[in-house]
Amino acid sequence: MAALTTLTPCQATSHFNIRISHYYNQKQNQNQNVYINQTKSIHKAKSSLLSFAFSSLCAKSTSIIPSTHFSTSGSSSSWLQDNTMNLDASSSGSGLREGPIYSVFPAKPAEVSSVQDLYEFICSGPLMDKVGLTAEKVAESIDKWLFYGSKLCRLFQLNELYLTVPEKARFYHYYIPVFLWCEDQISEHRSKFKDGEEIPPLVIGFSAPQGCGKTTLVFALDYLFRITNRKSATLSIDDFYLTAEGQAKLREENPGNALLELRGNAGSHDLPFSVETLTALTKLTKEGRRMKLPRYDKSAYRGKGDRAAPSVWPEVEGPLTVILYEGWMLGFKPLPAEVVKAVDPQLETVNKNLEAYYDAWDKFIKAWIVIKIQDPSCVYRWRLQAEVAMREAGKPGMSDEEVEDFVSRYLPAYKAYLPTLYSEGPNGSDPNHLLVIEIDEGRNPILF
């Protein structure tokens, strides 16, 4: 496949005169046009500032943006999904997981926008108000947006001149706005400490169902923190599953309960180990302090899983600025027994187990991002897409029947706990430090 050295922003200026393809679809265009018309005068007033910012970025681009090779073929556009990572853990201080990349985006490349059009595209994003952005703030920091977008293209092996509209939306309507929100949360957190005091890293929790893209979001955020010289660590609730021996014991203690037969639901995690790990991580406040992050091997014991050997755990070093902690059931609150029994009688034991999770997980989290889905059945479709992609790539993957069985063990918890999570927020959360992002079936944020 032919490869092309990606141009720096300066070299690409002659290309930035093509009008951007209209955004997601006609319906969203109609909604967004209202906002765009209202801000037209602001956009024109900021034109000179945008030109100056872009020229400044161009002047620095040769030193801050390395030349990288990417394919210009639209069919090569790819995206991480579910629990896949494409950075070697040994090269990342945060301990990212390795994994294949699977394509989930349309192959047709979109037209590249001018800086002015890109600015308007950014300002039409559904998260603008939620993350505290305004048209003026975007204009004043457009050089950062261009820089972050360029870096994300390189991270995900995409040619910035041939982004599809979904790819562009994923960067400029989702990942970068969330990153800026996280930066604001970190600044507020650090402002609470006096000069000379040790500042613990801010723990940001990401609560979202399987397959909706939370791990990829965390992956992108971690990368942006590292290229802006902030040390971060990434953890998943999966890292705290019981060992194979512990899981077997749980199964024996709950005969006939399909929700506790395999890992996943409350009760299948090593909570003391969680507390030990999170406590130690929050103490990585000085240079030279190091620790290893636990990892779980889902392929062990023919797919039943086991904790990975400590020899393969990645190491992180202080001082940490932020800990990105993600999981499908983070922030779930125990409910009255009659409520969960009405969903599934087997959920009663899971609900009882959930009572211990606040002290083990949620109390460490000081800022929350909740990714909200419209229909839990999306989880099945997303998981099936991932498994089909794995099989087509020659990797071992679950059959359609196995996917259905796997997801069925999580659906009762989704049906019971998601309504409260969405209406009240995660267990112990502060509304001032909570960002709720509703996504569509394409995993893109929407207005709600």
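This is a predicted model: local features need pLDDT of at least 70, side-chain atom pairs count only at pLDDT 80 or more; totals for chains, interfaces and linings use all residues.
Which residues of helix H12 (residues 347-354) are buried? Residues are numbered from 1 along each chain as its sequence is written, and side-chain values use heavy atoms, with hydrogens and water left out.

**View 1. The buried residues of helix H12.** Leu-347, Val-350, Asn-351 and Leu-354 are the buried residues of H12, where buried denotes under 20% relative accessible area, exposed over 50% and partly exposed in between (1.4 Å probe, protein chains only). Helices (H or I, at least four residues) and strands (E, at least two) are DSSP runs, numbered from the N terminus.

**View 2. The crossing of helices H7 and H8.** The axes of helix H7 (residues 165-190) and helix H8 (residues 214-227) cross at roughly 60 degrees and come within 10 Å. Axes are lines fitted to C-alpha atoms, for helices over the stretch in contact, and angles run from 0 to 180 degrees between N-to-C directions. H7 is therefore oblique to H8; angles under 35 degrees count as roughly parallel, over 145 as roughly antiparallel, 65 to 115 as roughly perpendicular and the rest as oblique. The crossing of H7 and H8 is right-handed, a term for the near helix being turned clockwise from the far one by less than a right angle, with anticlockwise giving left-handed. H7 contributes Tyr-174, Tyr-175, Val-178, Phe-179, Cys-182, Glu-183 and Ile-186 to the contact, and H8 contributes Thr-216, Leu-217, Ala-220, Leu-221, Leu-224 and Phe-225. By class, the residues of this contact are eleven nonpolar, one polar and one charged. Ala, Val, Leu, Ile, Met, Phe, Trp, Tyr, Cys and Pro count as nonpolar, Asp, Glu, Lys and Arg as charged, and the others, Gly among them, as polar.

View 3. Ser-236 lies in strand S4 (residues 232-236) and is buried, at 4% relative accessibility. Its C-alpha is 5.6 Å from that of Tyr-325, although Ser-236 and Tyr-325 are 89 residues apart in sequence. Glu-315 belongs to strand S8 (residues 315-317) and is partly exposed, with a relative accessible area of 42%. Between Glu-315 and Leu-293, 22 residues apart in sequence, the C-alpha to C-alpha distance is 6.1 Å.

View 4. The peptide bond from Gly-318 to Pro-319 is cis, with omega near 0 degrees; Pro-319 is in the loop between S8 and strand S9 (322-327). Gln-157, in the loop between helix H6 (142-155) and H7, has phi near 60 degrees, a positive value in a residue other than glycine. Gln-157 is partly exposed, with a relative accessible area of 44%. Arg-443 also has a positive phi, near 70 degrees, and is found in the segment after strand S11 (434-438). With a relative accessible area of 6%, Arg-443 is buried.

**View 5. The protein chain as a whole.** The secondary structure comprises 16 helices and eleven strands. Of the 448 residues, 54% count as buried.

How values were computed
Contact means heavy atoms within 4.5 Å.
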